[in-house]
Amino acid sequence: MEYLILIYGSEAQEAKMSQAELGAIYQEYAGFTKSIHQSGNHRGGHQLQPVSTATTVRMRDGKRVVTDGPFAETREQLGGFYLIQAKDLDEALGIAERIPSARWGSIEVRPVVPPHS
Amino acid sequence: MLATTVRLTGDFDLSEEAVQDAFVAALEQWPRDGAPASPYAWLVSTARNRVVDQLRRRSRFAEKRTEIEQIAVLEPSEIELSDAVMVDDQLRLIFTCCHPALAVEAQVALTLRTVCGLSTEEIARGFLVPVATMAQRLVRVKRKIRDARLPFAMPPREKLAERLDGVMLVVYLVFTEGYAATSGKRWLRRQLSDEAIRLGRLLCELVPQNPELRALLALMLLHDSRRMARTGQDDEIVTLEEQDRELWDRRQIAEGVPLLEAALRQDASGQYALQAAIAAAHARAARAEDTDWAQIARLYEALLQKQPSPVVELNRAAAIAMAESPSTGLALMDALEAKGELAGYYLLPAARADLLRRQSRWREAAEAYGQALKLVTNDPERRYLSRRLAEVEGLQSASGAGIIH
């Protein structure tokens, strides 16, 4: 079973962090990613550029409407994701709780609809 | 049976239907062909086969097929049905229903539906929501269990304590919902309390010697022992002080008190143990005036340390008023009112009114009862407050006329 793990955090809060703090967090992320590679749970994942770089596209009446920014403004922003393989939700939650941002942001765990179902 | 069928098939919804079908099949076949050697195994394997048929019919994909065939290969004799296995299945079912990934209200509803076997209609009436709302809540929660793949398993050892806390909260909520009995039909509410106590007993058997669980069961038994005395004719509220203690259920007290004492010897110190100790202090008093209010005030103080809440603070103030003097209690309640956290909560003016009445401050008491009446939302409480208001108003005019001082 695959789960998409969405990592939300406050960009405003993260902008206030020092270089040293950010460096430590990146290192911790690298360690976490390596650990889920080794355990065979990792299927993919990336950090995202901040929402200020986001663009939203809609097709309406056959016409493309492009707007600046994310679909919805929220207090916490999507900052990255992992796609993981886990046997059930408990295993997925056990992985999610180890993500560094879980300590200050929020981690959303969403089951992926399996193919052919 | 449901628990075992869910374990064998991994499907909540289909298992529920299949278990019912298995019973129907038994009613048809057993009288005709004679009862099987192992009726329980027969029922479980029949239910399992129904689920497998359903899954086969639904699934057209090879990948799923293998999974289904794995379920189907077990012969009835291979389905392990020792007591230990059935206990484990029950526990797995409870832990799945009370999984923290589910909303608490959904956990409560699902536990009542699948562990206690209450119908959707009964649960809806118990919680005063329309049947359609409850049915939808149950459909949604079962869908999440299936689609997010919640495990039908015991939590790992390191998560057991945390998860057991969640299970106890569900049992406690079922109980308080039944015990509050403030609205809705009384017998329906009673069913909720009874189910909560049954669940508490079951958990105490499944997870033996757990002090907090024992304290929770003791708490429920001790509160429930007062059920008959808590309401008079026409569902009138009878306060603890005015209750006929002859109506208290001595059997429940005789079971609850030693259970609590055993839990306390095992160092139970959580909120259920403290609440149970408060209930036990009341249970020990033969008459209202024998109540050890100083001890109760200390217990509320300890509860406040554990879980700071303005409602607990109000209870502590009321206990101190009884242990020391109404004026000490009133001063504490005034301070609580000034903090504003209980604004809109009818029990604060009601508790103040009670203390003012005890001090024969009729006019102020009448005012406070009036405030409480504006905030109260359920009928029996409203009738109680109105009765008190009429009483102090009568005393106020009598004292104004120089009859009573």
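This is a predicted model: local features need pLDDT of at least 70, side-chain atom pairs count only at pLDDT 80 or more; totals for chains, interfaces and linings use all residues.
1. Take the contacts in chain A with a separation of 6 or more: 76% of them join residues 24 or more positions apart.

2. Next, the secondary structure of chain A. Reading from the N terminus, the order is β-α-α-β-β-β-β-α-β.

3. How big a box do the C-alpha atoms of chain A fill? Along the principal axes, the box is roughly 45 × 45 × 20 Å. And what share of the residues of chain A count as buried? The figure is 13% of the 117 residues in the chain.

4. Now to where the chains meet. Chain A brings 6 residues to the contact, and chain B brings 7 residues. On the side of chain A that touches chain B, the residues divide into 3 nonpolar, 1 polar and 2 charged.

5. Helix α18 of chain B covers residues 347-358, helix α19 of chain B covers residues 362-375, and their axes lie 8 Å apart at an angle of about 160°. Angles over 145 degrees count as roughly antiparallel, and α18(B) and α19(B) are therefore roughly antiparallel to each other. The crossing of α18(B) past α19(B) is left-handed.

6. Which residues make that contact? From α18(B) come B:Pro349, B:Ala350, B:Arg352, B:Ala353, B:Leu356 and B:Arg357. From α19(B) come B:Glu364, B:Ala365, B:Ala368, B:Tyr369, B:Gln371, B:Ala372 and B:Leu375. By class, the contact between α18(B) and α19(B) has 9 nonpolar, 1 polar and 3 charged residues.

7. Another helix in chain B deserves a visit. Helix α6 of chain B (residues 104-115) has 12 residues, and from its first C-alpha to its last it reaches 16 Å, close to the 16 Å expected at 1.5 Å a residue.

8. Is α6(B) mostly covered or mostly uncovered? It is mostly covered, with 10 of its 12 residues buried. The buried residues include B:Ala106, B:Val108, B:Leu110 and B:Val115, and also B:Gln107, B:Thr111 and B:Arg113.

Conventions
Residues are numbered from 1 along each chain as its sequence is written. Chains are lettered from A and ligands numbered from 1 in the order in which they are written. Two residues are in contact if their C-beta atoms, placed from the backbone, lie within 7 Å. Ala, Val, Leu, Ile, Met, Phe, Trp, Tyr, Cys and Pro count as nonpolar, Asp, Glu, Lys and Arg as charged, and the others, Gly among them, as polar. Helices (H or I, at least four residues) and strands (E, at least two) are DSSP runs, numbered from the N terminus. A residue is buried if 20 or more other C-beta atoms lie within 10 Å of its own, exposed if 12 or fewer, and partly exposed in between; C-beta atoms are placed from the backbone. Axes are lines fitted to C-alpha atoms, for helices over the stretch in contact, and angles run from 0 to 180 degrees between N-to-C directions. Angles under 35 degrees count as roughly parallel, over 145 as roughly antiparallel, 65 to 115 as roughly perpendicular and the rest as oblique. A crossing is left-handed if the near helix is turned anticlockwise from the far one by less than a right angle, and right-handed if clockwise. The expected span of a helix is 1.5 Å times one less than its number of residues.
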